Amino acid sequence: MFRQSHRFVSRASAAANRCRRQLSTDIPAEIEGDSPFVQAWKKIIRNLEPPKIPSTFMKRRPPPPSSIPSKLTVNFVLPYSSELSNKEVDLVIIPATTGQMGVLPGHVATIAELKPGVLSVHEGSEVTKYFVSSGFALIHANSFADIVAIEAVPLDRIDPVQVQKGLSEFTQKLNSASTDWEKAEAQIGVDVHSAMNSALTG
């Protein structure tokens, strides 16, 4: 009985050894050559330039000064023109969605969304006012302010008669609107013309 069991154990051990030899990872894998794709890629990669990122095209900002400067440097741009470029001013008042926001030199870094309203640029005793439709203002820690508006026009170039006419037309459209799209479009017109009217009369 014990002799037969010994033979069974010996056979099982031999079979296990054969399996281990067949599945052994000690045998070095056969090294194959590069695939056609890899070969083609190696030829192209030498001629490729590294991708460019937005910072590649942006002028580097100076570091925050050790003391608060006396002037605020403002860039005020539209999609089709630049109203102010590196203009040093004393104060800018921005029509933010959270309310009127005054920006002085040394202002904390902030991003503000603009609503229809008056943007005031103060330089000494002179004040230049623009009516802006919407946009964003980016206030940097180094006393730079970048203001981007969708539409803007100097306040003194707005015709009060046309503003009243537009306000009346959009109010009628809002009252007669039958779809959500028409209501939204008319409401935007009412809001913008109401803001222009307030800017002119206020």
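How many helices and strands does the secondary structure of the chain come to? In this predicted model, the chain comprises five helices and ten strands. Of its 202 residues, 25% count as buried. Among contacts with a separation of 6 or more, 51% join residues 24 or more positions apart.

Figure 1. Thr73 belongs to strand 1, which covers residues 72-77. With a relative accessibility of 10%, Thr73 falls in the buried class, because that class lies under 20% relative accessible area. Leaving out residues up to four places away in sequence, Thr73 touches Asn86, Lys87 and Glu88, as well as Ser143, Phe144 and Ala145.

**Figure 2. The aromatic pair of Phe76 and Tyr130.** The structure contains one aromatic pair. Phe76 and Tyr130 form this pair in an edge-to-face arrangement, with 5.1 Å from centre to centre and 75° between the planes. The pair links distant parts of the chain, since Phe76 is in strand 1 and Tyr130 in strand 7, 54 residues apart. Both Phe76 and Tyr130 are buried.

**Figure 3. Phe76 and the nonpolar cores.** The largest nonpolar core has 23 residues, of which Val74, Phe76, Val92, Ile94, Leu119 and Ile147 touch the most other members. Neighbours within four places in sequence aside, the contacts of Phe76 include Leu119, Tyr130, Val132 and Ile147. Ser82, Glu83, Leu84, Ala149 and Ala152 are also in contact with Phe76.

**Figure 4. The salt bridge between Asp90 and Lys71.** The count of salt bridges in the model is two. In one of them, the side chains of Asp90 and Lys71 meet with an N to O distance of 2.6 Å. Asp90 lies in the loop between strand 2 (82-89) and strand 3 (91-96), and Lys71 in the loop between helix 3 (54-57) and strand 1, so the pair ties together parts that are 19 residues apart in sequence. Asp90 is partly exposed at a relative accessible area of 23%, and Lys71 is likewise partly exposed, at 30% relative accessibility.

**Figure 5. The salt bridge between Lys87 and Glu123.** Lys87 and Glu123 form a salt bridge in which the closest N and O atoms are 3.4 Å apart. Because Lys87 lies in strand 2 and Glu123 in strand 6, the pair ties together parts that are 36 residues apart in sequence. Lys87 is partly exposed, its relative accessible area being 32%; for Glu123 the value is 32%, and this residue is also partly exposed.

Figure 6. Helix 5 runs over residues 180-201. At 1.5 Å a residue, its 22 residues should span 32 Å, and the end C-alpha atoms are 31 Å apart, which agrees. The buried residues of this helix are Ala186, Gly189, Val190, His193, Ala195, Met196 and Ala199. An α-helix has 3.6 residues a turn, so residues three or four places apart point the same way. The buried residues of helix 5 pack against strand 6 (117-123), strand 7 (126-132) and helix 4 (160-176).

**Figure 7. Lys173 over the ring of Phe170.** Lys173 is positioned over the face of Phe170, at 5.0 Å from the ring centre.

Technical notes:
Residues are numbered from 1 along each chain as its sequence is written. This is a predicted model: local features need pLDDT of at least 70, side-chain atom pairs count only at pLDDT 80 or more; totals for chains, interfaces and linings use all residues. Side-chain values use heavy atoms; hydrogens and water are left out. Helices (H or I, at least four residues) and strands (E, at least two) are DSSP runs, numbered from the N terminus. Buried means under 20% relative accessible area, exposed over 50%, partly exposed in between (1.4 Å probe, protein chains only). Contact means heavy atoms within 4.5 Å. The expected span of a helix is 1.5 Å times one less than its number of residues. Rings of Phe, Tyr and Trp (its six-membered ring) pair if their centres lie within 6.5 Å; planes under 30 degrees apart count as stacked, over 60 as edge-to-face and the rest as tilted. A charge sits over a ring if NZ of Lys or CZ of Arg is within 6 Å of the ring centre and within 35 degrees of the ring normal. A salt bridge is a side-chain nitrogen of Lys or Arg within 4 Å of a carboxyl oxygen of Asp or Glu. A nonpolar core is a set of buried Ala, Val, Leu, Ile, Met, Phe, Trp, Tyr and Cys residues joined through side-chain atoms within 4.5 Å.
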